[in-house]
Amino acid sequence: MTHDVIVIGGSYAGMAAALQLLRARRSVLVIDAGQRRNRTAEASHGFLGQDGVDPGRIAAEGRAQLELYQTLTWIEGEAVAAGGSRDSFEVLTSDGTRHAGRRLLFATGVRDALPPVEGLADRWGRHAFHCPYCHGYELEMGRIGVIATGPSSLHQALMLPEWGQVTLLVNDALTLDEEARAELDARGIAIEETPIARLSAEATAELTDGRSLTFAGLFVASTTSPATPLAQEMGCALQETPMGMQLRTDDLKETSIPGAYACGDTARMPHSVSLAVADGAWAGATIHRSLIFPVA
């Protein structure tokens, strides 16, 4: 069959888009590889009505609600290729099956590139974070370490005194001029110039001079890129943002390829569950409208 819409990515943004379309009685195929960006986090915060809830539970409840609609088809698998044009798209999944759809939505999320600090990847989402609105409150105004990755880390460090006592770990990733140092000093932020040798315990930075600094939590401005190259390989244009590369979309969430849309972290910044859900809901509505009204 030819689905009205194929959604690649069944996390928060993809499900929010699918919900709008299902409620319009459109046939929707969701292809999900099960790789939510926040899969290592113990709780999701800042999402109204779901604050402090296990993100896996939020995702599972979302899927269960979608499955009440008879026009949903859900495939647990990986989309490995996509192509076509408006009203005639095709997606190939890893099992060799081809799926046809009139519209295509990329809700594939992003991949976080972390600095090469030993032990950081193991703590990502549990003791090391990127979003203070998502994880700052739970640090109880304790000591916070910001591991610098580049210029954006200065902005991150200047925000974080709202949530605790901040130390900026320069880690050879950032050059601070007099103006930057004055800004940090005005916000009561300590500057640590000695590089990090490794992370240990929950959030302890072992420095190359033998000292150790223990924090309630760590923050890192990761660099992001689309989690899968599917959209780029199909020809969708990218754009550079302060957080990394993302798919370029217009105000209706349509990519540079007519009929192909994108939403969530892969197509907007900044990133959070709340913002991804809102972006997905808008994408679902605009895709539905495109199915009703002909191209001008």
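Predicted model: local features only at pLDDT ≥ 70, side-chain atom pairs only at ≥ 80, totals over all residues.
Let me begin with helix 2, residues 55–66, whose 12 residues should span 16 Å at 1.5 Å a residue, and whose end C-alpha atoms lie 17 Å apart, which agrees; the expected span here is 1.5 Å times one less than the number of residues. Helices (H or I, at least four residues) and strands (E, at least two) are DSSP runs, numbered from the N terminus.

Residues are numbered from 1 along each chain as its sequence is written, and side-chain values use heavy atoms, with hydrogens and water left out.

Staying with helix 2, its buried residues are Pro55, Ile58, Ala59, Gly62 and Leu66, where buried means under 20% relative accessible area, exposed over 50%, and partly exposed in between, with a 1.4 Å probe and protein chains only. These residues cover an arc of only 95° around the axis, which puts them on the same side of helix 2; the arc is that of the directions from the helix axis to the C-beta atoms. The buried residues of helix 2 pack against helix 1 (12–23) and strand 3 (72–76). At the N-terminal end, helix 2 is capped by Asp54, which has a side-chain oxygen 2.8 Å from the backbone nitrogen of Gly56.

Next, the cysteines. How many disulfides does the count come to? With a disulfide taken as a pair of cysteine sulfur atoms within 2.5 Å, the count comes to 0. The closest cysteine sulfur to that of Cys236 is in Cys263, and at 13 Å it is too far for a bond. Cys236 counts as buried because its relative accessibility is 6%, and Cys263 counts as buried because its value is 1%.

Finally, let us turn to Asp265, which is found in the loop between strand 19 (260–262) and helix 8 (273–292). Is Asp265 buried or exposed? At 14% relative accessibility, Asp265 counts as buried. The side chains of Asp265 and Arg37 are joined by a polar contact of 2.9 Å, a polar contact being a pair of N or O atoms within 3.5 Å where, within protein, one must be able to donate a hydrogen and the other to accept it, and residues adjacent in sequence count only if both atoms are side-chain atoms. Leaving aside neighbours within four places in sequence, Asp265 is in contact (heavy atoms within 4.5 Å) with residues including Arg37, Gly109 and His271.
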